[in-house]
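Please look at the model below before reading on.

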Amino acid sequence: MKFLFKFRRPKGYIDFILPEIKSLANLYSMLPNQRVFASMKNISQEREKLRKHRMQKLELESQEVAHKILKRSILIDSMTSIHSEINGTQQIPIVGPEILEQNKSKTFRIDMTLTNRDSSYQGVSHFQKLKLIKQFYRNNDTLGKKFDLDSPEVIYHIHFDYQHNKTYLGQRYESDYYYKKYRLTNRPFRGFTCTKAELAFLMCNLAELPSDTNCVVYDPFVGSASTLLSAAHLGANTIGSDLAYKTMFGKPKLNKDQKNVFTNFDHYGLPRPQLFLSDFSRSRMRREIFDHIICDPPYGIQAASKVFNGSLRIKSSRNNQYSYKDVIDDLLAKSYHWLKPDGTLVFLYYIDKDIPHKFPYDFVTRFPSYPGMILEEFCENPLIKSRVRYAVKFRFLK
Ligand SMILES: C[S@@+](CC[C@H](N)C(=O)[O-])C[C@H]1O[C@@H](n2cnc3c(N)ncnc32)[C@H](O)[C@@H]1O
């Protein structure tokens, strides 16, 4: 079935659009990933197209899969299941009789969009729009007259694709923007190192966290647990560890009402994560215990990358620095041991453009490899002029 997806383009996440939808299609589809995206001959070309155009036509196996993707996605604004399409951009396709019958007594709205012919194109004028809407009414005389602009039960969507000289008609469904309630400003507790809600959910979607089965998600650099909050919302059992006691549990006991990481989980009615104090460089665990590892490893001064020096109060010193290379190498080695077969690791990888020799851009050769380990995605998230980070996704088939 064909669908038109309209994507949001929040600054910094444009590169995540295709990887997110690919991961969700992989999660919900009964077909292997390659077949879902068989229509995309050249993924990097598609990625480039998405950078430019908000609207994209995709083929998915069913309406059910498309709805599940819409419900979970952070970057899809709306989705249209295409009922009919015609060549040219002067006419509007007719709504099928079964669709009209189905929606007979429902309130509705008509949305019109277009893909620009070129940058000089000004769009459809108000007058032309009215003419087209009249034509739409004439063609579909059983449509009903219950127009509702704000909260209609049905949204008909007409899309003029000037690039390919086609017009599509379908039913549009909008995102409920579920992640907004988790924004940092809406949380009762915010730590020093919070990962933004949008990014935390995007990482969970890249990791392909299922929403219907209980999986186990681990964040070894949990900080104020943004990643686990998102994972818990999606129904995962969550486990986290960090070197810094105060970040997770708040300041020691002086004030009984002290807010901490758990306050957020209680606030949203989510099961609390299991948290423990641990220096990642030294942690040892059984093999194959987690389904997914999602984290933002320490990088830079604020995240304070350190190793445990025998005392709970860690003072930054040259002896207890944990080099970024060691952190990442450990993360891959440990994920290889701790993840169950087909498990995924999603983490943020920082690159300082000022010191390229230290952070080569070549993803394939940069990371150590393990049998069955596949680099599936890396999405650019620019930070400041000289620093960029990538959300990197590895799958461990084993
Ligand atoms: C970038 S922050 C994580 C942010 C987190 N996602 C959040 O939402 O708050 C990195 C965390 O790694 C922790 N950390 C630094 N060195 C560590 C180590 N050796 N073992 C475990 N955690 C460490 C820091 O205390 C910090 O909380």
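**A mixed sheet and one of its tyrosines**

Strand β7 (residues 216-219) and strand β8 (residues 237-242) run parallel and are joined by four bridges. Strands, like helices, are DSSP runs numbered from the N terminus (E, at least two residues, for strands; H or I, at least four, for helices), and two strands count as paired if DSSP finds at least two bridges between them. Across this pairing, Y218 stands opposite I239 in β8. The model is predicted: local features need pLDDT of at least 70, side-chain atom pairs count only at pLDDT 80 or more, and totals for chains, interfaces and linings use all residues. Residues are numbered from 1 along each chain as its sequence is written.

Both strands belong to an open sheet of seven strands with mixed pairing, in the order β9-β8-β7-β10-β11-β13-β12. Its edge strands, β9 (274-277) and β12 (373-384), each pair on one side only. On average, neighbouring strands are turned by 15° against each other, direction ignored; axes are lines fitted to C-alpha atoms, for helices over the stretch in contact, and angles run from 0 to 180 degrees between N-to-C directions.

Helix α12 (residues 324-338) lies across β10 (290-295), β11 (339-352), β12 and β13 (387-396), and runs at about 170° to β11. Contact requires C-beta atoms, placed from the backbone, within 7 Å.

Strand β13 holds Y390. Leaving out residues up to four places away in sequence, Y390 touches Y349, F378, C379, E380 and N381. Y350 is 40 residues from Y390 in sequence, yet their C-alpha atoms are 6.4 Å apart.

Note on methods. Two residues are in contact if their C-beta atoms, placed from the backbone, lie within 7 Å.
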